Amino acid sequence: MKRHLLGVVAAGLTVALGVSGCGKGSSSDSGSDGKTIKFVAAIYDDNTKPYWDALIKDFEAKNSGYKVNLEMVDWSQMDAKVKTYVQTKQVPDILNYNAFSDFARDGLIYKASDVVSPTTLSDFTPTFVEQAKYNGEQYGLPFISSARLLFYNKDLFEKAGIKAPPATWDEVKADAKKIKNGSTIGYGLPLGPEEAQAEFYSWAMNNGGGWVDASGKWAINQKANIDTLTFLKDLNKSGLTQPNPESTDRKTVFNQFAQGKIGMAIGGPFTKAGFIDPVNKSLNFGVAPLPSKSGTEHNTLGVMDVLAAFKKDGSKNQDAVKKFLDFFYQKENTSKFLTTEGFLPVTKSAGDALSADPYMKQFVDALPTSKFAPTSNPAWSAVAGAVKQDLGSSVANKDPKTVLDKIQETAEKAG
């Protein structure tokens with residue numbers, strides 16, 4: 001999938017539980033020669049594996065004796081895989097993921113300063129450095145970032161007599177009603193196990209809701225969040241979304257959007273390159289701020305995925321890990337990944353060029369004031385897992401408050 005970034009998990013499988021159950025410190029000795037490392041990378045789209053294959057080939061050619069074994073994992077399976085890696089003490093040397101703080105809490109990963117050079121470390125944009133810290137120390141290595149905005153089909157809007165993208169929730173519903181016609185869907189609502197937490201938070205933050213209160217205490221079952229799910233449930237029950245949003249992932253929604261079958265959906269900078277262009281490069285679409293209940297605020301969801309470097313074999317892998325990470329973070333290598341996948345930069349050196357693209361500039365401009373999930377909280381992995389498993393049911397056949405109460409319990413137990 002194209003993610004999300006941020007994040008971002010297999011239904012009901014929480015990494016935090018797996019981590020806390022296997023003790024502290026580095027993983028068991030894997031018999032590594034110190035020059036061979038395993039890299040588990042997430043699949044963002046069909047371009048991801050060819051990129052890593054080429055980069056690894058180049059790295060191995062320029063670093064004689066060093067070898068990188070690549071494993072590609074789809075985002076819908078990633079949480080289950082990570083849980084198994086940790087429980088069996090078979091973690092990779094480097095993991096491309098959307099969480100890190102539970103690993104840091106349990107002493108499983110290196111500090112960032114241990115596995116990248118000072119030059120690489122200083123190149124990270126401060127916004128993302130803060131998101132990559134646990135207890136004041138940077139452990140996560142910012143990998144890619146994204147911001148979420150509203151995509152809308154201009155042709156469907158014109159056909160329905162809609163002159164501008166919606167600014168309020170009432171307008172979203174009214175526009176969706178006008179667009180819905182036979183096989184045409186008003187709003188694409190992906191609340192399946194791929195990334196339900198990002199879709200939900202994109203709406204909740206624009207109703208004064210979110211994951212935590214002003215003090216940082218979990219507030220998942222707050223009234224604003226219940227009201228948000230009640231609105232989304234109404235969209236579904238009114239027949240304005242695709243069937244079964246509780247089991248629909250973003251990939252399905254944007255394939256339909258690219259085919260001209262959906263009027264509106266929330267997407268990121270990757271949506272054009274990853275979903276629209278492969279299906280219909282001439283699709284007439286626009287991008288607008290996320291609508292809010294009141295229409296007076298338009299908050300943007302920010303997402304960051306990270307690389308986490310695991311301690312193994314008494315730190316025998318540290319040299320090889322550092323060589324590979326510093327190689328990837330060279331400007332030309334990170335820039336190529338961003339261009340290929342359509343993500344936003346996390347380093348200063350790769351940042352300026354993207355703003356020259358009018359399409360990408362919309363997302364670059366939104367990123368500095370974006371709101372992020374509380375990924376520095378070690379309980380976030382458990383919360384995200386519960387959201388992906390259970391949240392979608394709230395717009396189908398379960399009561400929104402009951403669903404949020406259950407996720408709140410998960411957060412409090414994990415925290």
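Colleague: How many salt bridges does the count come to?
Modeller: The count comes to 17 salt bridges, taking a salt bridge as a side-chain nitrogen of Lys or Arg within 4 Å of a carboxyl oxygen of Asp or Glu. Keep in mind that this is a predicted model, where local features need pLDDT of at least 70 and side-chain atom pairs count only at pLDDT 80 or more, while totals for chains, interfaces and linings use all residues. Residues are numbered from 1 along each chain as its sequence is written, and side-chain values use heavy atoms, with hydrogens and water left out.

Colleague: OK, what does Asp-93 form a salt bridge with?
Modeller: With Lys-312, and the closest N and O atoms are 3.6 Å apart. That pair links distant parts of the chain, 219 residues apart. Asp-93 sits in the loop between helix 3 (75-87) and strand 3 (94-97), and Lys-312 in the loop between strand 11 (302-309) and helix 14. Helices (H or I, at least four residues) and strands (E, at least two) are DSSP runs, numbered from the N terminus.

Colleague: Is Asp-93 buried or exposed?
Modeller: Asp-93 is buried, and Lys-312 is too. Buried is under 20% relative accessible area, exposed is over 50%, and partly exposed is in between, with a 1.4 Å probe and protein chains only.

Colleague: And Asp-390, which residue does its side chain meet in a salt bridge?
Modeller: Lys-406, at 3.7 Å from N to O. Asp-390 is in helix 17 (residues 380-390) and Lys-406 in helix 18 (residues 400-414), so this pair ties together parts 16 residues apart in sequence. Asp-390 counts as buried because its relative accessibility is 12%, whereas Lys-406 at 44% counts as partly exposed.

Colleague: Which residues are linked in a network of salt bridges?
Modeller: Arg-148, Glu-194, Glu-195 and Arg-250. The side chain of Arg-148 also has a polar contact of 3.5 Å with that of Ser-146. A polar contact is a pair of N or O atoms within 3.5 Å; within protein, one must be able to donate a hydrogen and the other to accept it, and residues adjacent in sequence count only if both atoms are side-chain atoms.

Colleague: Where is Ser-146 found?
Modeller: In strand 6 (residues 141-147). Ser-146 counts as buried because its relative accessibility is 0%.

Colleague: Switching to helix 2, which residues are buried there?
Modeller: Thr-48, Tyr-51, Trp-52, Leu-55, Ile-56 and Phe-59. They cover an arc of only 120° around the axis, so they are on the same side of helix 2; the arc is that of the directions from the helix axis to the C-beta atoms. The face turned away from that buried side carries exposed Lys-57 and Ala-61.

Colleague: What covers the buried residues of helix 2?
Modeller: Strand 1 (36-43), strand 2 (67-74), strand 6, helix 14 (318-328) and helix 15 (331-341) are included in the cover, with contact meaning heavy atoms within 4.5 Å.

Colleague: Then what do the buried residues of helix 15 pack against?
Modeller: Helix 2, strand 6, helix 13 (270-279) and helix 14. The buried residues of helix 15 are Asn-333, Thr-334, Phe-337, Leu-338 and Glu-341. Their arc is only 135° around the axis, which puts them on the same side of helix 15. Exposed Lys-336 and Thr-339 are on the face turned away from the buried side.
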